[in-house]
Amino acid sequence: MAVLVGRRVLFQAFRVHTADRDSLSRLAASSYCTRQYAFSGKVPPSPRVAVTRHYSSDSKDDLRVRYLDGEDSGIVVVGINRPKAKNAISKNLVKMMFDTVEDIKKNNKVRSVIFCSLVPGIFCAGADLKERAKMHQSEVGPFVSKARALITELGNLPVPTIAAIDGAALGGGLEMALACDIRISSNNAKMGLVEAKLAIIPGAGGTQRLPRAIAVSLAKELIFAARAVDGTEAFRLGLVSHSVEQNDSGDAAYLRALELAREINPQGPIAVRMAKLAINQGIEVDLSTGLAIEEACYAQVIPTKDRLEGLAAFKEKRRPQFKGE
């Protein structure tokens, strides 16, 4: 029975991998992130990433997506760009992010996604309260439901996702980061589910994901007290995987995230997707069912060309060239 459960869960998720491979040409026309990134010697500079930072109040610029190329091909950088609103989550931003997530899901060339901010000192300040104040009471529930659905979709992306937190991630901003597989912050970033200050609760998964990321009692304490912590404390609590000292350009977390994405990039892409699926599904069930899910995921990598390429490369003592096939 457990094996059947595992294979049924796997079938639904693995359909993502078999999506239309020709979608890359359409995705290449997407707008690009425009933040200027300075690389340290530890992460070699790439001229395709270094571009001029500029801001715009045009709503179409609220989100900028860049599909990196060359050796970084497969890495997608999604940058929030609402400087006047501190990257607050608006109706337009939710729509744009939904569209972006759908495009990424359909593109089996994507190997990892970095979610970051193009606004210095801010990751995402949570809900757009100015927009929320103009909503009729009947509109609030459906909007929160849509934001919750978006963040759930972020968590369901089949490839590794990394939140690069170089500034404040509050309320819905932290909920967005919690939906990512890995969180990296600068040491001076502020993070917290502070909704209780507004007499509401986290409504986009925070009450469920934070206790899964850190100790339940600590999650309760942070939510009940509406407390924000800095990157150093977040690392101590296990809320982030890495806390890095912020640099002069304010993008230290992004640079560390890019370094990590570059570590993931050369690995077998189908294997990475299956490993994510096995972990995400397995931690929600009993061990016996989890092992069945792992078995089902392993079965998917056996017939791949990439597995044969890995064996051949090992025998020939060369770097494997995986194609996601």
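Guide: Start with exposure. A residue is buried when its relative accessible area is under 20%, exposed when it is over 50%, and partly exposed in between, using a 1.4 Å probe and protein chains only. The model is predicted, so local features need pLDDT of at least 70 and side-chain atom pairs count only at pLDDT 80 or more, while totals for chains, interfaces and linings use all residues. Numbering runs from 1 along each chain as its sequence is written, and side-chain values use heavy atoms, leaving out hydrogens and water.

Now the loop. Ala228 sits between α8 and β9 (229-230). Helices (H or I, at least four residues) and strands (E, at least two) are DSSP runs, numbered from the N terminus. Ala228 has a relative accessible area of 39%, so this residue is partly exposed. What does Ala228 touch, apart from neighbours within four places in sequence? Its contacts are Leu170, Met191 and Gly192. Contact here means heavy atoms within 4.5 Å. Gly171 is 57 residues from Ala228 in sequence, but their C-alpha atoms are 9.7 Å apart in space.

Follow Met191 next. Met191 also touches Ser185. Ser185 belongs to strand β7 (residues 182-186). With 0% relative accessibility, Ser185 is buried. Beyond four places in sequence, its other contacts include Ile165, Gly231, Val240 and His242.

Go back to α8, which spans residues 216-224. Its axis and that of α7 (residues 206-213) come within 7 Å and cross at roughly 135°. Axes are lines fitted to C-alpha atoms, for helices over the stretch in contact; angles run from 0 to 180 degrees between N-to-C directions. That makes the two helices oblique. Angles under 35 degrees count as roughly parallel, over 145 as roughly antiparallel, 65 to 115 as roughly perpendicular, and the rest as oblique. The crossing of α7 and α8 is right-handed. Right-handed means the near helix is turned clockwise from the far one by less than a right angle; left-handed means anticlockwise.

Which residues make that contact? From α7 come Gly206, Thr207, Leu210 and Pro211. From α8 come Val216, Ala219 and Ile223. By class, five are nonpolar, two are polar and none is charged. Here Ala, Val, Leu, Ile, Met, Phe, Trp, Tyr, Cys and Pro count as nonpolar, Asp, Glu, Lys and Arg as charged, and the others, Gly among them, as polar.

Now look at another helix pair. The axes of α11 (residues 269-282) and α12 (residues 287-301) come within 9 Å and cross at roughly 170°. That makes α11 roughly antiparallel to α12. Their crossing is right-handed. Residues in contact include Ile270, Met274 and Leu277 of α11, with Ile293, Glu294 and Cys297 of α12.

Ile80 lies in strand β2 (residues 75-80). Ile80 is buried, at 2% relative accessibility.

Finally, step back. The chain has 13 helices and ten strands. Of its 325 residues, 50% count as buried. The chain exposes about 16,000 Å², with carbon and sulfur atoms supplying 57% of it; such areas come from the Shrake-Rupley method with a 1.4 Å probe, and for residues only the protein chains shown count as cover.
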